[in-house]
Amino acid sequence: MSELGPTLKDPVLPGEGGSDYERYLRTGELLALQKTADEWVHRDELLFQTVHQSSELWLMLAVVEVAEATRLVDAGETGGAIRLLRRAVDCMKIVTDNLDMLEHLPPWEYMEVRKVLGHGSGFDSPGFRAVHHVMKPLEHALQGAVERAGLTFRDLYVHGREHEQLYQLAELVLEWDERVVMWRARHFVVVERIIGGGVVGTQGTPVEVLGKLIHSRAFPDLWALRDELTTLAFPTGQ
């Protein structure tokens with residue numbers, strides 16, 4: 001506060017921090033969540049924590065948006081659902097790109113970091129679990145919307161231009177699944193590059209199990225529909 005009284009630079013929000021920016025974002029707490037330099041067993045712990053902590057934030061946002069999009073689909077508000085699913089898809093792009101930073105971890109030096117992870121595993125990630133938790137309700141919501149329109153998925157795709165919003169919704173649901181698959185695939189390759197593909201993880205799970213998740217699909221009917229459409233267009237396989 002200046003001698004002339006409060007200015008626009010003086011914080012008005014409650015909390016700690018010398019500015020409203022710091023108080024609203026709680027930067028003091030946020031930036032205290034990482035190990036300090038005197039706690040590191042290796043300086044790359046900061047890199048490791050930064051990637052994973054920021055990923056949890058983006059995953060949380062993605063899950064919140066998918067859950068709300070699911071509610072909107074059930075309520076018949078397709079446009080709003082499309083908007084939020086696009087946002088969730090972009091969240092997954094960011095989380096996937098985040099993994100590029102882990103390739104800055106030298107494999108041998110990372111072993112020092114790994115020694116202090118305890119039994120910590122990506123399978124225990126709250127974001128990882130939450131992403132899978134919102135899949136089934138979204139699938140049911142989409143199926144319900146298609147049925148209420150008096151359509152099958154094949155009808156919707158063959159006559160997509162006649163049901164544009166519903167078609168775009170179905171495509172975004174598939175893209176959400178696709179982005180989750182791409183995130184899992186990228187994660188597997190990063191793990192394979194750093195610790196190897198023929199070893200076990202921190203909880204004794206073989207890395208190859210992580211690789212098998214790449215083939216998992218949350219919306220198998222939408223993926224299988226592609227086969228059906230190709231067969232419909234080319235019944236003799238020409």
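## Ground rules

Because the model is predicted, local features need pLDDT of at least 70 and side-chain atom pairs count only at pLDDT 80 or more, while totals for chains, interfaces and linings use all residues. Residues are numbered from 1 along each chain as its sequence is written, and side-chain values use heavy atoms, with hydrogens and water left out.

## Salt bridges

Side chains of opposite charge can pair when their charged atoms come close. The structure holds 15 salt bridges (a side-chain nitrogen of Lys or Arg within 4 Å of a carboxyl oxygen of Asp or Glu). One of them joins K35 and E45, at 2.8 Å from N to O. This pair links distant parts of the chain, 10 residues apart. K35 sits in the loop between α2 (27-30) and α3 (45-74), and E45 sits in helix α3. Helices are DSSP runs of H or I, at least four residues, numbered from the N terminus. K35 is partly exposed, at 26% relative accessibility. E45 is buried, at 5%. Buried means under 20% relative accessible area, exposed means over 50%, and partly exposed lies in between (1.4 Å probe, protein chains only).

A second bridge pairs R87 with E65, with the closest N and O atoms 2.7 Å apart. It also links distant parts of the chain: R87 is in helix α4 (residues 78-98), E65 is in helix α3, and they are 22 residues apart. R87 is partly exposed at 39% relative accessibility. E65 is buried at 8%.

E175 and R179 form a salt bridge as well, at 3.9 Å from N to O. Both lie in helix α9 (residues 164-195), 4 residues apart, so about one helical turn separates them. E175 is partly exposed, with a relative accessible area of 24%. R179 is partly exposed too, with 22%. Elsewhere, salt bridges that share partners join D100, E103, R186 and R193 into one network.

## Helix α7

Helix α7 spans residues 135-148 and has 14 residues. From first C-alpha to last it reaches 20 Å, close to the 20 Å expected at 1.5 Å a residue. That expected span is 1.5 Å times one less than the number of residues. Its buried residues are M135, L138, E139, A141, L142, G144, A145 and V146.

What covers these buried residues? The cover includes α3, α4, α6 (126-133), α8 (153-158), α9 and α11 (220-233). After α7 comes G150, whose phi is positive, near 75 degrees.

## The nonpolar core

In soluble globular proteins, nonpolar side chains tend to be buried together. Here the largest nonpolar core has 57 residues. Such a core is a set of buried Ala, Val, Leu, Ile, Met, Phe, Trp, Tyr and Cys residues joined through side-chain atoms within 4.5 Å. L169 and W176 have the most contacts inside it. Helix α9 gives the most to this core, with 15 residues.

Which residues does L169 touch, leaving aside neighbours within four places in sequence? L169 is in contact (heavy atoms within 4.5 Å) with V73, T78, A81, I82, L85 and L142.

## The largest pocket

The largest pocket is lined by 36 residues. F48, H52, S121, G122 and H187 lie nearest its centre. Helices α3, α5 (107-114), α6, α9 and α10 (207-212) each supply at least two residues of the lining. On a 1 Å grid over the protein atoms alone, a pocket is an open set of points where a 1.4 Å probe fits, with protein on both sides within 12 Å along at least five of seven lines; lining residues have an atom within 4 Å of a point.
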